[in-house]
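Welcome, and please open the model in your viewer. We will go from one selection to the next and see what is there.

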Amino acid sequence: MQTYPDAHIRLRGSTLWITSADHRGVLQVVNGACSFAGELQRCLTDTVTLHQHGKTHVIAVEHGTVYLNLSTAAQQLPHSGQQLASQSVLVAFRTARGTFVSVRGQLDEAAK
Amino acid sequence: MKRRAARLHAAWLILALPCAALAAPPNRPQPPPQRQAPPTRVVQPPPTRVVQPPPRQIAPLHVVQPPPARSSPPPQGFNFNRDINVHTPPPSTPARPVTQPSLTRPPITGPGNATGHFVPTPGPGRSASNFKRAPFNTTAHGPYQNHSRGPVVQNPRHWNGNWQWNRGVAWQPAQTYWGGGFWGAFALGALANAVLFGSIADYQDQLNYPSYQVLPDSPGAQLLQNYGLQQTPCGPDNLVVIWGPDNSVICAFPNDTVGPGNYDLDPTTLTLVSESP
């Protein structure tokens with residue numbers, strides 16, 4: 001298991017841009033089928049692209065879900081005892097090669 | 001710069017490489033010590049001391065690396081070495097069986113039926129069991145797209161304006177999911193594990209359109225709830241057949257609001273449009 005703290009999370013439209021703390025890697029997570037579960041926006045992870053070392057790699061994703069809380073209050077996650085803080089994101093996806101990726105944190109930037 | 005750094009939050013991105021194949025069961029007897037440690041881990045004991053390895057020494061690959069110190073992040077960005085440069089089948093050709101157990105022709109009676117172009121009656125001795133699975137496409141609707149439209153069956157919920165059912169946010173299909181994700185998170189790559197809920201056979205083009213059970217909390221479930229429809233496996237005649245995004249189809253029992261027949265879905269207003277003029 002590898003952990004990458006202090007990543008920078010930016011939301012543009014329905015796409016999440018996650019930049020590593022050393023600014024060498026950028027993970028682009030394109031979401032689709034966004035609907036609402038209460039105040040939470042729930043999307044499906046559609047495509048994931050890694051921009052790193054001057055190259056672009058498309059990462060085959062099997063399935064994944066993204067929860068966005070763009071409200072001003074913490075929201076309860078569906079089927080969970082946990083809450084998602086305001087202006088925060090929770091991402092979980094599994095690649096076709098079996099790598100599990102989990103991202104949780106507060107949005108550093110959000111723009112439509 | 002300090003202000004910017006102060007805004008950064010402890011966002012964690014975790015990559016867990018599957019190592020189940022490398023993990024030994026807890027009850028498995030430990031191999032002899034000389035075979036247990038890889039060459040790079042061998043520590044030469046001092047000549048005067050005999051170092052016995054602990055009896056339950058954990059193999060090096062079992063060691064879970066602690067998260068790196070916050071002051072020293074990984075120097076090379078993200079590690080996706082297992083996933084980059086991997087060629088997988090495109091979403092349009094998911095691996096799944098092409099034969100279905102419950103093939104039948106679509107309903108051919110009722111006010112909402114399609115034109116004869118799509119639903120020719122199967123001839124004697126013709127079987128749909130070998131029909132190919134209908135391809136996924138990126139269009140907003142199924143095979144009835146561009147056909148003449150029939151009357152709109154207004155959503156009883158009476159949503160005002162486009163996408164109001166989705167709080168004003170436009171719903172866009174996710175192309176790696178059956179039905180774009182409208183009926184739930186049915187990943188195309190994992191459809192072989194999903195339970196079929198009937199299917200529709202196109203005898204003219206010899207294509208098969210599988211159907212799956214709508215997941216709760218999905219937009220499709222909201223559609224069914226709004227119209228008071230109850231989903232049922234596709235196959236029998238005289239059902240409500242709803243064609244959704246990307247050649248997806250589900251079926252439901254007719255009710256006082258929606259009669260039997262084929263319907264197209266308008267996701268903008270979450271309404272059904274009959275395919276019969």
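Which order do the 5 strands of the open sheet in chain B have? The order is β3-β9-β8-β6-β7, with mixed pairing; strands are DSSP runs of E, at least two residues long, numbered from the N terminus, and two of them pair if DSSP finds at least two bridges between them. This is a predicted model, in which local features need pLDDT of at least 70 and side-chain atom pairs count only at pLDDT 80 or more, while totals for chains, interfaces and linings use all residues. Residues are numbered from 1 along each chain as its sequence is written, and chains are lettered from A and ligands numbered from 1 in the order in which they are written.

Now select β3 (152-153) and β7 (249-252) of chain B: they stand at the edges of the sheet, each with a single partner strand, so one side of each has no neighbour there.

Next, move to chain A, which has 12 strands and 0 helices. Select β2 (residues 8-12) and β3 (residues 15-19) of chain A, antiparallel strands joined by 5 bridges. They form a hairpin with 2 residues between them, and G13(A) in the turn has a positive phi of about 65°. Look for L11(A), opposite L16(A) in β3(A).

Conventions
Helix = DSSP H or I, 4+ residues; strand = E, 2+ residues; numbered from the N terminus.
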